[in-house]
Amino acid sequence: MKLSGKVAVVTGAASGMGKAIAQLFAAEGAKIVVSDHNIDNASLVVNEITSAGGVAFAVAANVAKEVDVQHLIDSTVAEYGTLDILINNAGIMDNFVPAGDLTDELWERVFAVNTTGPMRTIRKSLPIFLEKNSGVIVNIASAGGLYGSRAGAAYTAAKHAVVGLTKNVGFQYAPKGIRCNAIAPGGVATNISTSINAPNAFGMERAMVGMQINPRTGSAEEIAKVALFLASDDSSFVNGTVVTADAGWTAY
Ligand SMILES: NC(=O)c1ccc[n+]([C@@H]2O[C@H](COP(=O)([O-])OP(=O)(O)OC[C@H]3O[C@@H](n4cnc5c(N)ncnc54)[C@H](O)[C@@H]3O)[C@@H](O)[C@H]2O)c1
């Protein structure tokens, strides 16, 4: 098992990639904190993990709220004694809204969840990692964090910021035994479309231009395997970078 005895926090773990990551990491021997703002679904994931012989508990946390982030990491340490792996996965779409139609409210909401959330969980986790001179962070960015029109302006900018945060943390804390990498998934079959309602017609049309060259949609389990690589010692020399997992979509 690749994560025996490790303690892992996964945000947005009630669904999609976060759920698949929580399940795979548990099967690889990690003790999991299944965190989500949807506590009912998070508890279902905990039941699945424990039924399969894994160790997990659920924490209700909206990553856009500092008080929830504090509670999430404090509960992790209270229950398991430490933290080894932080997976920043919680994220929402932005209705494909282009710059000209953006509201401050949408911009701030998307940044609060997709960018400020990861910053706060990292900020809260670093003292734990620094004390033991080890720790691993994996941020779920997006192909939209590397290229210009996979979503609307807010999502694209927010995920680009996650990539910048990943590189900054990865380099600056490298001498402290801490690694920070990101995954840029292409299209993956999850429930993320539930965070889309009344998509902007112009923005969606401009975002969908590239879909005809997308080789295929991926599964959450395929992303979980990349996360396992980045969270385990198999990737000990990989730091401050982004692993694209998109069946070759962005290679064109
Ligand atoms: N699905 C894709 O095609 C795709 C592609 C690239 C990147 N991503 C990214 O992958 C990550 C996971 O998304 P997914 O596709 O598995 O979606 P999903 O909707 O299936 O899962 C996301 C989970 O995050 C939770 N969540 C949302 N807002 C939250 C908040 N404020 N606090 C805590 N939890 C919150 C949701 O309740 C849900 O359980 C996101 O960051 C998303 O941007 C998705």
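Mentor: **The largest pocket and its surroundings**

Helix α4 gives the most to the lining of the largest pocket, with three residues. Helices (H or I, at least four residues) and strands (E, at least two) are DSSP runs, numbered from the N terminus. The model is predicted: local features need pLDDT of at least 70, side-chain atom pairs count only at pLDDT 80 or more, and totals for chains, interfaces and linings use all residues. Residues are numbered from 1 along each chain as its sequence is written, and side-chain values use heavy atoms, with hydrogens and water left out.

The largest pocket holds about 1,200 Å³ of space. A pocket is found on a 1 Å grid over the protein atoms alone, as an open set of points where a 1.4 Å probe fits, with protein on both sides within 12 Å along at least five of seven lines; lining residues have an atom within 4 Å of a point. Points are joined across faces, edges and corners, and the volume is the space filled by probe spheres set on them.

The lining has 49 residues, and G91, M93, T190, I192 and S195 are the closest to the pocket centre. Elements that give two or more residues are α1, β2 (31–36), α4 (104–132), α5 (153–172) and α6 (201–208). By class, the lining has 24 nonpolar, 21 polar and four charged residues. Ala, Val, Leu, Ile, Met, Phe, Trp, Tyr, Cys and Pro count as nonpolar, Asp, Glu, Lys and Arg as charged, and the others, Gly among them, as polar.

Now take α1, residues 16–27. Its 12 residues should span 16 Å at 1.5 Å a residue, and its end C-alpha atoms are 17 Å apart, which agrees. The expected span is 1.5 Å times one less than the number of residues. Buried residues of α1 include I21 and F25. Buried means under 20% relative accessible area, with a 1.4 Å probe and protein chains only. Just after α1, G29 takes a positive phi of about 100 degrees.

I21 and F25 are also among the residues with the most contacts inside the largest nonpolar core, which has 34 residues. Such a core is a set of buried Ala, Val, Leu, Ile, Met, Phe, Trp, Tyr and Cys residues joined through side-chain atoms within 4.5 Å. Helix α7 gives the most to this core, with eight residues.

Last, α5 holds T166. T166 counts as buried because its relative accessibility is 0%. Beyond its neighbours within four places in sequence, T166 is in contact (heavy atoms within 4.5 Å) with N139, C180, N181, A182, G240 and T241.

Methods: Buried < 20%, exposed > 50% of the residue type's maximum accessible area, 1.4 Å probe, protein only.
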